[in-house]
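Trainee: I would like a close look at one part of this model, the charged side chains that pair up. Please take it slowly.

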Amino acid sequence: MPRFSVIVPVFRVQGFLRECLDSVLEQSYRDIEVIAVDDRSPDGCGAILDEYAAGDERVRVLHLPENVGLGRARNAGMPHATGDFLFFLDSDDTLTPGALRAMADRLAESADPDVLVFDYARTHWWGGTRRNVLAHLLAQAAEGTFTAAERPEILDLLMVVWNKVYRRDFVEREGFTFPPGYYEDTPWTFPVMLSAERIATLDRICLNYRQRRQGNILSTTSRKHFDIHDQYERVFAFLDSRPALASWRPYLHTKMGEHCLDILSKPDRLPSSDKGEFFRRTAELFREHKPAGAVVPPELRVLEGGYAAYRVKRQAGRAGRELGRRAGQVRGAAAVRAARGRSVVAAHRPLDPDLVLYAASSHRGVLGDPAAIHRKAREIAPRLRGVWVVRDEEEAATAGLLPPDVEHVVLNSPRHHRLAARAMYFVNDVNWPGGLPKRPGSVHIHTHRGTPLKYMGADLLDKPGARLGLDVPQLLRRADRWDYSLVANRHSELVWERAYPCHFTSLRTGSPRNDVLVGGGGERGAAFRLRHGIPAGHTVVLYAPTRRDYRRGGHVDRFDLARFAEDLGEGHTLVVRLHPGLAAGPARGLGLAELHRRGVLVDATGEPHVEDVLLAADLLVTDYSSLMFDYALLNRPIVVHADDWGAYAASRGVYFDLAAEPPGHVSRSYRELAWLLASGTWRDEESARLRAVFRDRFGEYDDGHAAERVVRTVLLGEDGWVPGPPTAEEPRAMPSADRDLLTSS
């Protein structure tokens, strides 16, 4: 008996069917059966299904003699299911890699609940991906099991059949089946969820819900959308048959009104000539099933009036929104004019030589090189007033990026404009907004965000895919404000002067944020381990993948993280940190958050300070993340997983061949990576030799005094302070310099 019976109804999806079936059959978890129901599809779907059944014994095909529709096609497949759990997968959707394994693990952990609800992402035909906005509800209910009465918010999730798996004997005992017509999920999902005695959740994106440009049934203009009324009649009939569920009637009454009005408001659902009839039928149903004494929510009171009143209210709502939009534009323009006026007034006042404005990571909070400079300035030059510019103070404070003792100002606020007009010094690792002009005499210090491997700035002009959405000329106009560019090595100096052809002076200071790495910072690494419950004596393996420019959204799973953690074996802890550009997208929902919850690994993506993560790690496994340049300063092993180096280098552009000049051993497949770690090769003499060459080259100016060097030589103007790295015009010999793809202009 298989664990999962995957029932796939099929009709007119020949262009998507193979991708759907492959996403199931190529899962690492193989204890499944696939019951594909050919709903008399007039295209080539039947032949495709027969081909898959001939090639994989787990696939069975039912060819229906006539077209019966989506719900009844699912019904046709159910009697043939023998698995513990039923999973209804639409034939144009796909499973994400590792989804079935994650489901199986969660089902085992929760002792086979009646229903398991998991997460999904909408994948649009034009390439965009958007995670379910209510995914946090799954995370909040991640422990144990519950009923809908105990967690009614679970019903706020999209009420569809395909974001859940169902224990087969529960479905058979309750006699659940699908009705005919559109919106067949409604009279299935509500009865199932209200009847389930044990519901569990899985905070993981297991399914890609395809948003087709054409062919989506619910986006087809048709009178078939009137079926929604019959479907809710079935829901209320179910309630009538289960007196114990009578308390849900007010909730479902409201849900019905909201659902029907939502259909009516969509421009592509109902023929215009039928909208009045649809409204009247909805209003009748709303009155018929209204519970005694129920209070109608304000947004549903239109159903107590006529269609003409509804149309007037809709038109008034649209007009009000348009007026609000225009008023917002006027207010915004007025605010900009007022801010410019205040800036002009403040510009007549002298610059404050002790005022320094800081920002980092697009105004996220106190981070990176600017944060290290700020800390050092407070230590050795307390007369300097440092003010941080943040985009959202509440968000920054919640993320631990805005210490309470740090003075801050909100970006583009009147106070920010006043301070920006008076500040002598500006320290940032990303360009400042272009709206505020630079005053003569002010000093802009640009720290960058690490050593560059991939193309940046003007070099992206030859890489149209990588610079999608990036206005390079505007970027360079903002870079024209730089006075100083901080560099950690001669490689970076050449890159920045080529990528940003502007008038600035390169300062060979080292990277301020890396002072703690050069100095050891052992207590911060120990604190990270303690905070995440990493056992003493464990070898911590940090996996830090970067973005891909050849994939929309930037995220590509290189291998199965759960398998990697398992293959590391006893005495090891896997820590994963995604690229900051992936932290807020769907990437963490593709298993990372759930594996962290289960203790399989540690998700350090949300750690505010990457230095703490680096200090805690005994080994860095990365692909092409710039973290390797920082981590090399710790003189700890690095493994480069370069299984798609050719695609990455071609799509983004790179300044040198990392695969030929790596900081450690290079793996070209997961099998090679696993062998490097299992055999101990990751820390052999060759690894140490490669790392030493890499560290000497890219940590050339990092001596642990970078932040102090910036404060004393730039902010305080102390000439000749402490002998630092070489300042002679002639460059010192560097390993592999003859193979660097850069040329000095």
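Trainee: Is glutamate 233 buried, partly exposed or exposed, and what is its relative accessible area?

Mentor: This is a predicted model. Glutamate 233 is partly exposed, because its relative accessible area of 23% falls between the limits of 20% and 50%. Its side chain forms a salt bridge with that of arginine 281, at 3.4 Å from N to O. The two residues are 48 apart in the chain: glutamate 233 belongs to helix 8 (residues 227-241) and arginine 281 to helix 10 (residues 275-288). Arginine 281 is likewise partly exposed, at 24% relative accessibility.

Another salt bridge joins aspartate 240 and arginine 249, with an N to O distance of 2.5 Å. Here aspartate 240 is exposed, at 53% relative accessibility, whereas arginine 249 is buried, at 19%.

A further salt bridge connects aspartate 644 with arginine 548, and their closest N and O atoms are 3.0 Å apart. This pair spans 96 residues and links two loops: aspartate 644 sits between strand 21 (638-641) and helix 23 (645-652), and arginine 548 between strand 17 (539-544) and helix 19 (561-568). Aspartate 644 is buried, with a relative accessible area of 8%. Arginine 548 is buried too, at 1% relative accessibility.

Some salt bridges share partners, and in this way Arg106, Glu109, Glu143, Glu594 and Arg597 are joined into one network. The count of salt bridges comes to 56.

Key:
Residues numbered from 1 in each chain as written. Predicted model: local features only at pLDDT ≥ 70, side-chain atom pairs only at ≥ 80, totals over all residues. Heavy atoms only, no water. Salt bridge = Lys/Arg side-chain N within 4 Å of Asp/Glu carboxyl O. Helix = DSSP H or I, 4+ residues; strand = E, 2+ residues; numbered from the N terminus. Buried < 20%, exposed > 50% of the residue type's maximum accessible area, 1.4 Å probe, protein only.
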